[in-house]
Amino acid sequence: MILELADIRIQTGTQAQFDAAIVRGIEQTIAKATGYLGHQVQKGVESPERYLLMVRWSTLESHTIDFRESAAFTEWRAIVGPFFASPPTVEHFELLTESA
(Lines give C-alpha, C1' and ligand atoms only; values in the text may rest on other atoms or scores of the structure.)
Protein backbone atom coordinates (compact mmCIF):
# COMPACT_ATOMS: atom_id res chain seq x y z
CA MET A 1 0.00 0.00 0.00
CA ILE A 2 1.21 3.50 -0.89
CA LEU A 3 0.04 6.68 0.81
CA GLU A 4 -0.13 9.78 -1.35
CA LEU A 5 0.10 12.94 0.75
CA ALA A 6 -0.91 16.16 -1.00
CA ASP A 7 -0.32 19.40 0.91
CA ILE A 8 -2.84 21.82 -0.60
CA ARG A 9 -2.97 25.59 -0.04
CA ILE A 10 -6.08 27.36 -1.29
CA GLN A 11 -6.99 31.00 -1.83
CA THR A 12 -8.12 32.85 1.30
CA GLY A 13 -11.88 33.02 1.74
CA THR A 14 -12.72 30.06 -0.51
CA GLN A 15 -12.83 27.33 2.15
CA ALA A 16 -16.57 26.60 1.96
CA GLN A 17 -16.52 26.32 -1.84
CA PHE A 18 -13.35 24.23 -1.76
CA ASP A 19 -14.80 21.89 0.88
CA ALA A 20 -17.64 21.06 -1.51
CA ALA A 21 -15.35 20.87 -4.54
CA ILE A 22 -12.84 18.47 -3.00
CA VAL A 23 -15.59 16.10 -1.85
CA ARG A 24 -17.19 16.19 -5.31
CA GLY A 25 -13.82 15.77 -7.03
CA ILE A 26 -12.85 12.76 -4.95
CA GLU A 27 -16.22 11.07 -5.46
CA GLN A 28 -16.27 11.70 -9.23
CA THR A 29 -12.65 10.95 -10.06
CA ILE A 30 -10.20 9.59 -7.48
CA ALA A 31 -12.58 7.14 -5.79
CA LYS A 32 -13.27 5.48 -9.16
CA ALA A 33 -9.59 5.10 -10.10
CA THR A 34 -7.83 1.76 -10.51
CA GLY A 35 -5.93 0.93 -7.33
CA TYR A 36 -7.80 3.42 -5.11
CA LEU A 37 -8.13 2.03 -1.57
CA GLY A 38 -9.47 5.00 0.40
CA HIS A 39 -8.79 8.57 1.39
CA GLN A 40 -8.86 11.17 4.14
CA VAL A 41 -8.95 14.97 3.98
CA GLN A 42 -7.77 17.08 6.91
CA LYS A 43 -8.43 20.85 7.22
CA GLY A 44 -5.98 23.17 8.93
CA VAL A 45 -7.03 24.65 12.26
CA GLU A 46 -4.32 27.28 12.61
CA SER A 47 -4.03 27.64 8.83
CA PRO A 48 -7.59 27.37 7.44
CA GLU A 49 -6.33 27.63 3.85
CA ARG A 50 -4.25 24.45 4.26
CA TYR A 51 -5.57 20.97 3.53
CA LEU A 52 -3.93 17.56 3.62
CA LEU A 53 -5.31 15.02 1.17
CA MET A 54 -4.24 11.48 1.94
CA VAL A 55 -5.07 8.80 -0.61
CA ARG A 56 -4.27 5.13 -0.16
CA TRP A 57 -3.28 3.39 -3.41
CA SER A 58 -2.54 -0.28 -4.01
CA THR A 59 0.73 0.62 -5.80
CA LEU A 60 2.73 3.73 -6.63
CA GLU A 61 1.87 3.23 -10.30
CA SER A 62 -1.85 3.25 -9.46
CA HIS A 63 -1.40 6.93 -8.66
CA THR A 64 1.48 8.06 -10.85
CA ILE A 65 0.46 6.24 -14.03
CA ASP A 66 -3.09 4.86 -13.87
CA PHE A 67 -4.61 8.00 -12.35
CA ARG A 68 -2.24 10.86 -13.20
CA GLU A 69 -2.10 9.91 -16.88
CA SER A 70 -5.88 9.51 -17.21
CA ALA A 71 -8.71 11.83 -18.23
CA ALA A 72 -9.94 11.54 -14.63
CA PHE A 73 -6.89 13.48 -13.43
CA THR A 74 -7.70 16.31 -15.83
CA GLU A 75 -11.28 16.31 -14.51
CA TRP A 76 -9.98 16.31 -10.90
CA ARG A 77 -7.77 19.32 -11.52
CA ALA A 78 -10.61 21.17 -13.27
CA ILE A 79 -12.76 20.74 -10.15
CA VAL A 80 -10.22 21.65 -7.45
CA GLY A 81 -7.47 23.51 -9.31
CA PRO A 82 -9.22 26.90 -9.50
CA PHE A 83 -9.02 27.15 -5.69
CA PHE A 84 -5.25 26.52 -5.41
CA ALA A 85 -3.11 29.39 -4.18
CA SER A 86 -0.06 27.44 -5.39
CA PRO A 87 0.54 23.97 -6.83
CA PRO A 88 0.16 21.25 -4.18
CA THR A 89 3.19 19.44 -2.85
CA VAL A 90 2.68 15.70 -3.40
CA GLU A 91 4.78 12.90 -1.90
CA HIS A 92 4.36 9.15 -1.51
CA PHE A 93 4.94 7.08 1.64
CA GLU A 94 5.16 3.45 2.67
CA LEU A 95 3.90 2.34 6.08
CA LEU A 96 6.60 1.62 8.62
CA THR A 97 4.46 1.11 11.75
CA GLU A 98 1.01 1.94 13.10
CA SER A 99 -1.13 1.50 16.19
CA ALA A 100 -4.30 -0.54 16.44
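The questions and answers below go through one predicted protein model, from the whole chain down to single residues. Residues are numbered from 1 along each chain as its sequence is written, and side-chain values use heavy atoms, with hydrogens and water left out. Because the model is predicted, local features need pLDDT of at least 70 and side-chain atom pairs count only at pLDDT 80 or more, while totals for chains, interfaces and linings use all residues.

Reader: In what order do the elements of the protein chain run from the N terminus on?
Author: The protein chain has three helices and four strands. Helices (H or I, at least four residues) and strands (E, at least two) are DSSP runs, numbered from the N terminus. Read from that end, the order is β-α-β-β-α-α-β.

Reader: What is the radius of gyration of the protein chain?
Author: The radius of gyration is taken over C-alpha atoms, and the globule rule is 2.2 Å times the number of residues to the power 0.38. For 100 residues the rule gives 13 Å, and the value of the protein chain is close to that, so the chain is as compact as a globular protein of that length. Its C-alpha trace spans about 35 × 35 × 20 Å along the principal axes. The radius of gyration is 13 Å.

Reader: What percentage of the 100 residues in the protein chain is buried?
Author: Buried means under 20% relative accessible area, exposed over 50%, and partly exposed in between (1.4 Å probe, protein chains only). By that definition, the buried part of the protein chain is 32%.

Reader: Among contacts between residues at least 6 apart in sequence, what percentage joins residues at least 24 apart?
Author: Contact means heavy atoms within 4.5 Å. For the protein chain, the part that joins residues at least 24 apart is 71%.

Reader: Which residues of helix α3 are buried, and which are exposed on the other side?
Author: Helix α3 covers residues 71–80, and its buried residues are Phe73, Trp76, Ile79 and Val80. They cover an arc of only 120 degrees around the axis, which puts them on the same side of α3; the arc is that of the directions from the helix axis to the C-beta atoms. An α-helix has 3.6 residues a turn, so residues three or four places apart point the same way. On the other side of α3, the exposed residues are Ala71, Thr74 and Ala78.

Reader: What covers the buried residues of α2?
Author: The buried residues of α2 are Ser62, His63 and Phe67. Their arc around the axis is only 95 degrees, which puts them on the same side of α2. The cover over these residues includes β1 (2–9), β3, α3 and β4.

Reader: Is serine 62 buried or exposed, and which residues does it touch?
Author: Serine 62 is found in helix α2. Its relative accessibility is 3%, so serine 62 counts as buried. Not counting residues up to four places away in sequence, serine 62 touches Thr34, Gly35, Trp57 and Phe67.

Reader: Which residues are in contact with histidine 63?
Author: Histidine 63 lies in helix α2 and, at 2% relative accessibility, counts as buried. Its C-alpha atom is separated by 8.9 Å from that of isoleucine 2, 61 residues apart along the chain. Leaving aside neighbours within four places in sequence, histidine 63 is in contact with Glu4, Trp57, Arg68, Val90 and His92.

Reader: What is the relative accessible area of glutamate 4?
Author: Glutamate 4 lies in strand β1. Beyond its neighbours within four places in sequence, glutamate 4 is in contact with residues including Leu53, Val55, His63 and His92. Glutamate 4 is buried, and its relative accessible area is 7%.

Reader: Where is glutamate 49, and how far apart in space are glutamate 49 and glutamine 15?
Author: The place of glutamate 49 is in the loop between β2 (36–43) and β3. At 23% relative accessibility, glutamate 49 counts as partly exposed. Not counting residues up to four places away in sequence, glutamate 49 touches Ile8, Arg9, Ile10, Gln11, Thr12 and Gln15. Glutamate 49 and glutamine 15 are 34 residues apart in sequence, and in space, C-alpha to C-alpha, they are apart by 6.7 Å.
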